[in-house]
Amino acid sequence: MFGESVKKILITGGAGFIGTNLVRYLLDGRPDYHVYNLDALTYAGHPGNFDDLPDNLKSRYTFVHGDIRDAKLLEELFAAHHFDGVMHLAAESHVDRSITGPEAFVDTNVGGTFQLLAASLRDWQARDCPQDFRFLHVSTDEVYGSLGDRGLFTEKTPYDPSSPYSASKAASDHFVRAYGRTYGLPVMITNCSNNYGPYQFPEKLIPLILLNIIEEKPLPIYGDGKNVRDWLYVIDHCEALLTVFETGKSGETYNVGGGAERQNIEIVQALCSIMDERLGRAFGTSAGLITYVTDRPGHDRRYAIDAGKIKNELGWQARYSFEKALEDTVGWYLDNMGWVDSVRSGDYLKWIELNYQKRQGEQ
Ligand code: NAD
Ligand code: DAU
């Protein structure tokens, strides 16, 4: 794909968890890309994630501090750079936050995606509709709702979102698909399972639990702890995204998953064992912090992905073993406690305190 030797790619949300890993992955391994990272730097975005990169990699990186809801900014950006493709990750991403404050999810995930589609379409049409342009929307398996004990989500599973977060991602998927069908914009969607790895904000299960273990705080388990998620190492996800971006078919959807289904309690117990060993604590010390709390409202019971389409059609499959990648993730956090301190802003601490107070009040 692409006619020129260095391709200009717009990545939105590139200062967040997956975005940071994706931008670093591209800068490190793909000298044929110039990455433009558009990020509003909400509580979840950290521009310092690229400070350690050497200058030769930074020369192919441009950071734009801005909001995907800002139509004027988008128009100026596209007019200045005429991107060869867009990988759209910017979003409000945390389910619990969507329960306490759904409006931001509608604004960014639905409204922002719409503005990005509109700007992409205008520039694409002004350039005579190049067919090798790609708009890749990075979405979630949560749009499919919940599974029972058996079965897998396929690309044909009907949408059935449970939370304001997943409803907003479902709506944005529909807009993306509609822009493909109505205007011919070359769009693609990936629906991926739970990611873990470096740079994940410590409100999500794995980093939250491992930091609480270090700080000897309670380890909150929602409900009975038997909800199941399919876990994918973030680098596997980055490779899947690049595979789809470069070789996926316009108009198609691809499910992405790690084939690593685990109950939440199994994840927490695994982290407890790893951390007892790493911190030199007696075996069983960290598990003593496990605390069952009120369930998340609308909590989906089980997610599991059939990733057969992306494997059979594009040749991608997850490479990392869950056990090894979880150990590596723990190692990354232990080596980067300075990063943790710097991302735990006042806003985050205020939010988490309110959330805990609310949950305690419900018990
Ligand atoms: P994240 O919350 O860590 O990062 C989101 C980024 O988007 C942040 O840098 C934030 O500053 C930026 N952002 C938020 N609102 C913005 C706006 N209005 N304009 C510009 N930038 C804005 O999220 P993540 O976990 O890295 O997820 C990235 C994408 O992948 C999301 O679209 C999410 O729905 C999807 N996804 C995530 C997972 C997962 O397990 N984390 C799994 C499947 C899909
Ligand atoms: O499935 C993909 C989705 O995975 C992404 O689209 C979302 O952006 C991402 O946040 C993630 O959503 P989850 O809700 O599954 O992730 P979270 O880490 O919040 O929770 C994982 C599971 O652990 C879930 O069943 C709820 C539970 N949980 C979570 C937290 C934060 C707890 O039991 N205790 C907790 O403190």
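This is a predicted model: local features need pLDDT of at least 70, side-chain atom pairs count only at pLDDT 80 or more; totals for chains, interfaces and linings use all residues.
Residues are numbered from 1 along each chain as its sequence is written, chains are lettered from A and ligands numbered from 1 in the order in which they are written, and side-chain values use heavy atoms, with hydrogens and water left out.

An N or O atom in the H299 side chain sits 2.7 Å from one of the ligand 2 oxygen atoms, and S93 comes in through a backbone N or O atom at 2.8 Å. On its own, ligand 2 exposes 690 Å², and the protein buries 94% of that (Shrake-Rupley areas, 1.4 Å probe; for residues, only the protein chains shown count as cover). Helix 7 (205-214) and strand 8 (219-222) are the elements that give two or more residues to this shell, with strand 8 giving the most, three residues. Helices (H or I, at least four residues) and strands (E, at least two) are DSSP runs numbered from the N terminus. In total, 22 residues surround ligand 2, the closest being T140, D141, Y165, R296 and H299; a residue counts as near if one of its heavy atoms lies within 4 Å. Helix 7 itself is mostly covered, with eight of its ten residues buried, among them I206, P207 and N212. Buried here means under 20% relative accessible area, exposed over 50%, and partly exposed in between (1.4 Å probe, protein chains only). Just past the end of helix 7, E216 takes a positive phi of about 55°.

Ligand 1 is surrounded by 29 residues, with I18, D39, S93, Y165 and K169 the closest. Helix 1 (17-29), strand 5 (134-140), helix 6 (164-183) and strand 7 (194-196) each give two or more residues to the shell, and strand 5 has the largest share, three residues.

Turning to charge pairs, the structure holds 21 salt bridges, each a side-chain nitrogen of Lys or Arg within 4 Å of a carboxyl oxygen of Asp or Glu. E239 and R319 make one of them, at 2.7 Å between the closest N and O atoms. This pair links distant parts of the chain, 80 residues apart: E239 lies in helix 8 (residues 234-247), and R319 in the loop between helix 10 (308-314) and helix 11 (322-335). E239 is buried at 14% relative accessibility, whereas R319 is exposed at 56%. R262 and E323 also pair up, at 2.9 Å, and span 61 residues from strand 11 (residues 261-263) to helix 11. Salt bridges with shared partners join K7, R30, D32 and E246 into one network.

Note on methods. A polar contact is a pair of N or O atoms within 3.5 Å; within protein, one must be able to donate a hydrogen and the other to accept it, and residues adjacent in sequence count only if both atoms are side-chain atoms.
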